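Please look over the sequence and the 3D structure before reading on. The report below walks through them from the inside out.

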Amino acid sequence: MSPWDAPSVQWLKRQFSQSPFEPTRRVWPTGIRLAVMVVLFVLVTGLAAGMRSMAGDNPVLSLVFGAAAAMIALTVYAAAVRFLEQRPVFELETVAAGPNLGRGTLVGFGLFVATFALIALFGEYGTKGGVSVAGAFTVLGMMVGTAVVEEILFRGIVFRLVEQLIGTRGALAISGVLFGALHLVNSGATVWGALAIAIEAGLMLGAAYAASRTLWLPIGLHLGWNFALSGIFGVTVSGNEDMPAGLLHGVLSGPTAVTGGAFGPEASIFAILVCTVPTVILLRSAKRLGRLYTRRQLGSEGTRAVS
């Protein structure tokens with residue numbers, strides 16, 4: 001028997017299959033599904049954090065554990081959606097994965113490069129130590145897991161299910177605020193930094209999901225931005241001072257409004273300005289495609305499929 005015919009492989013394929021299937025159970029109300037899936041992914045987030053800690057600064061372990069955390073998160077989410085919502089997981093359609101991941105990663109990388117260029121122009125950037133290719137791979141592995149887990153939690157679960165309850169605009173606001181609040185637990189966190197994350201990242205990533213109706217695009221944006229920030233330029237990510245050094249170990253100096261201070265570049269006014277541009281473009285695209293929904297459009301139970 002071919003390895004591809006093994007029962008475990010066939011089960012995995014079914015979780016991501018886009019073929020319609022006959023419901024076998026009642027779909028729970030949206031609020032209950034939201035609560036159950038958030039609790040489930042808090043556990044997945046804890047597991048991913050433990051795997052990151054085990055990997056440490058080892059680039060091979062970081063890449064392996066990062067990929068494993070991403071695969072676990074994707075599989076758990078797909079299985080949960082099929083069980084709790086009795087539908088295929090359209091937002092993880094595998095055909096859309098490559099183009100949207102690639103496009104999102106390139107755009108996310110470019111957005112941070114543009115932000116960094118403005119910060120360096122009005123502030124000062126220096127490096128200490130040498131160049132570490134191993135450090136870049138260590139950060140890459142870490143960020144793969146982080147991007148997948150956080151995007152499933154905040155866009156696949158919080159945004160998507162809150163949208164079913166109150167509509168797209170309310171979901172953008174709530175998921176953005178919660179995403180910013182998550183970063184208050186980081187060692188160098190500030191209230192301003194969390195607010196900046198909510199505006200620049202929470203809204204942009206929510207808009208990316210609203211416009212594309214696939215999780216692959218926000219995952220790519222998240223990965224590209226974080227990898228450029230920490231994996232290449234080596235500056236502080238979201239006030240997290242315990243990150244391993246990337247390709248470079250960067251040091252920023254200048255006004256806090258420009259550099260973001262201890263929180264890092266994501267608290268810079270330039271990060272907000274740069275990320276506002278794609279946010280507006282994505283929201284206009286979502287509106288043009290008819291993908292900004294009101295509570296009434298989603299039906300009395302908020303369970304109508306959106307695409």
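This is a predicted model: local features need pLDDT of at least 70, side-chain atom pairs count only at pLDDT 80 or more; totals for chains, interfaces and linings use all residues.

Residues are numbered from 1 along each chain as its sequence is written, and side-chain values use heavy atoms, with hydrogens and water left out.

**The core**

A nonpolar core is a set of buried Ala, Val, Leu, Ile, Met, Phe, Trp, Tyr and Cys residues joined through side-chain atoms within 4.5 Å. Buried means under 20% relative accessible area, exposed means over 50%, and partly exposed lies in between (1.4 Å probe, protein chains only). The largest nonpolar core has 72 residues. Met-37, Phe-41, Tyr-77, Leu-92, Phe-112, Ile-152 and Ile-157 touch the most other members. Helix α5 gives the largest share of this core, 14 residues. Helices (H or I, at least four residues) are DSSP runs, numbered from the N terminus.

Now take Tyr-77. Contact means heavy atoms within 4.5 Å. Beyond its neighbours within four places in sequence, Tyr-77 is in contact with residues including Met-37, Phe-41, Leu-92, Ile-152 and Ile-157.

**The surface patch**

Trp-192, Leu-195, Ile-199, Ile-269 and Leu-273 form a nonpolar patch on the surface. Patch residues have over 30% relative accessible area and no salt bridge; nonpolar side chains (Val, Leu, Ile, Met, Phe, Trp, Tyr) are joined within 5 Å. Helix α7 gives the most to the patch, with three residues. Leu-195 is found in α7 and is partly exposed, at 45% relative accessibility.

**Salt bridges**

A salt bridge is a side-chain nitrogen of Lys or Arg within 4 Å of a carboxyl oxygen of Asp or Glu. The structure holds seven. Three of them are listed here.

| Pair | N to O distance |
|---|---|
| Arg-87 and Glu-91 | 3.0 Å |
| Arg-155 and Glu-151 | 2.8 Å |
| Arg-213 and Glu-163 | 2.8 Å |

Arg-213 is buried at 7% relative accessible area, and Glu-163 is buried at 1%. Shared partners join Arg-33, Glu-85, Arg-87, Glu-91 and Arg-160 into one network of salt bridges.

Definitions and conventions:
Helices (H or I, at least four residues) and strands (E, at least two) are DSSP runs, numbered from the N terminus. Patches are made of residues with over 30% relative accessible area and no salt bridge: like charges are joined within 9 Å, nonpolar side chains (Val, Leu, Ile, Met, Phe, Trp, Tyr) within 5 Å. Accessible areas come from the Shrake-Rupley method with a 1.4 Å probe; for residues, only the protein chains shown count as cover.
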